[in-house]
Structure formats: C-alpha cells, structure tokens
Amino acid sequence: MYETGLMIGHFEPLHLGQMRSILAAAGQAKTLHIVIMAHPSPHADFSITLQDKARWLQMACADLPFVRIHTTHEIELPLHDGFVDVTIDIAASNAKLQRLTEALNLPAEAVLFVAENHPLAQSDVYEQLSMPVVTTPLQPEFDSYAIARDPVAHWSALHPQARGDYTKTVAIVGGESSGKTTLVHKLANYYGASFALEMGRLYVGTDLGGSETGLQYSDYGPIALHHAQAIREAAARATAPVTIIDTDFVTTQAFCEEYEGRTHPFVAACINEFRVDHTIMLDNNTPWVDDGMRSLGTPEARGRFEQRLVDIFARHDIKPHMVDQPDYDARYQQALLLIDQYVYGKNS
C-alpha cells in the first residue's frame, strides 16, 4: 500500500475501462490524486469542458473520499492513437511531474499509476523518471482511442456520469393533434431512449383541472421551468445517444402568444438558454382529434398556430427538420431517418 498515488489523463470521455483502472490504483494507494487535462483535439460533435470531466469523476468517486480530483490547463499530454512508436521525452516528463508535485503538494514518496502497456512503464523509461511508476491491469475490452473517436458507437462503454454530455436531445414539435406524443413514445422505444414529456399538458392536468380554461399568462413561466428540469433529468439519465423531448419552449411561447397576445420574456430566455440539439417539426396535416384538452381544431387555427411556430423558430435562429408526410407511419419512418443521420451518423 502506497501513501499517495497520482493518475493523469484526458478522460474524454470517461469510460468504464478508465474507471476500473482508477479503482485498481485506489486499491493500492491511501490517497489517489487524479489530474484531468484538456484534450488537445476534442471531438467536434461534443462540447466538453474540464469542469464537465471533473464533475463526472467527482460524481463517480463521491463515495470514495480517498480519491481527489484536480484539473489543469497548464500541462498537456501528447495525443496519439496508440502506444506503438511513442517517444518519451524524459526531461519534459520529469518537468511535468515536478510541476504537478509542487502544485498538489505531493509527498516525495508519491507514485505514478499507469497502464501496464504504457510507454512510461518500460524499464528504460521509468528508471529515469523522478517519480516511481506503478502499473494497473490492462482493460483490453475498452479501447480508449476508439471510444474517444466515436462515443456514440461505444455508448455502452461510457461511464453513466458522462452519458448526459454525449446524448443529443431531439425535440418533437408541431401543432395540436399532430401526433407528437405518440411519435415520442415510438422513438423512445425504438432507440431505448430516455424522454421528457410535454410539461404543458401535464401542467394542465395537475394545476388546471384538466382543461385550458384556467390557463393564463402567469402559468407559462412555471411550465417552461418544469420543462427545463424535465429535459435536464432526461439527459442526465440518458440510456441512448439520443434523448427525446416532447415539444419545446418554442411551442410554449407559441401558445402564450396565441392565447395571451404577447411574448413571455422568461420563455424567450429558455428558448435561447436551453437549446436542444435537433428539432423535428411535424406538419399539421393529420386529422384533428379532440381529446378534451385541445382548442385549436379548425383548419384556420391550426394553420395560424403552425405559422406562429415557424416565425418563432426564425426569431431564435432555429432551423427545424420538417416531417411532412400525412401518414403516421410514414412520419415515424421520416423521423427515424433524421435521427439516424444527425445523431447516429448513418447516411443511408
């Protein structure tokens, strides 16, 4: 058992193989310091910060008080696709270790944990390092380089704490009786995805007695706030690379403008602040179904509301993907193609 251990990495994304290596190191050190560094070539499809990565590890190790998490922008690790032919600059490596030792106030007997196949574990290298090297077992079923290149394809390898930052939110929007909610449940079942329900509809049931008769301007803020929380929770517990959202803040704003004749500033702020990754808009060309809650059933009202949605999207520089098939199954197939293309990277 070592008194103090040190691990260094990009952890982008944090995956189960890395976590197993951390646990192996933690079993050999009374205190384990993990230093997270910025990735020199981050994935273009995901915006991951050092704070995101720190949160993943802090949450994953929340019940392991002997693990300490740190971040640094000042020290970089070289980027490579594998350890073959990697050249180690001993002087530079020792300088980095010295800076970390001083910054973290590590004792002189601290050890550096690396994987068994890491270049620093080679005898001709570690003998020249200023810090003793201790190895952790290999995790051959987890290819860190492949996972980093394509997190979607390696979804099951991602640590649950990291998945919320690697799922893409897709909102299904449209006028009343356009089949949104049914499509949301079909898509969630197809992809095994988490989803957030339409908060406006739930609010009418829980706070207004099941009818829009009592709906007023002061209700739109709480509806938007509940929706923001529902989206956050759905993404945080993401079970797939896509998270499905039933309606969006634009729809809430459209109802406010339709019924109240004015724009709600808090809802407008939610549109700008809580952006979903993709929006699929359903054309209002399906049959009207009166479920007791809906009130915009005439062709004129439905057309007016749809145009209002289009206008608000343009106002906030949102470009939705249109699904215009009048047949429900054809709409479902269109939505699958869009999600496969824009979330899963499938082009056929």
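**Aromatic pairs and charges over rings**

Hi everyone, let's start with the rings: searching the whole structure turns up nine aromatic pairs, where Phe, Tyr and Trp (its six-membered ring) pair if their centres lie within 6.5 Å, with planes under 30 degrees apart counted as stacked, over 60 as edge-to-face and the rest as tilted. Please keep in mind that this is a predicted model, where local features need pLDDT of at least 70, side-chain atom pairs count only at pLDDT 80 or more, and totals for chains, interfaces and linings use all residues. Residues are numbered from 1 along each chain as its sequence is written, and side-chain values use heavy atoms, leaving out hydrogens and water.

One of the pairs is Tyr2 with Phe113, edge-to-face at 6.4 Å centre to centre and 80° between the planes. Tyr2 belongs to strand 1 (residues 2-9) and Phe113 to strand 4 (residues 111-115), so the pair links parts of the chain 111 residues apart; strands here are DSSP runs of E with at least two residues, helices are runs of H or I with at least four, and both are numbered from the N terminus. Phe113 is buried at 2% relative accessibility, while Tyr2 is partly exposed at 35% (buried is under 20% relative accessible area, exposed over 50%, partly exposed in between, with a 1.4 Å probe and protein chains only).

Next, Tyr190 and Tyr332: their centres are 6.4 Å apart and their planes at 80°, so this pair is edge-to-face. Tyr190, Tyr191, Tyr332 and Tyr344 form one aromatic cluster.

And what sits over the ring of Tyr332? The charged end of Lys186, 4.3 Å from the ring centre (NZ of Lys or CZ of Arg must be within 6 Å of the centre and within 35 degrees of the ring normal).
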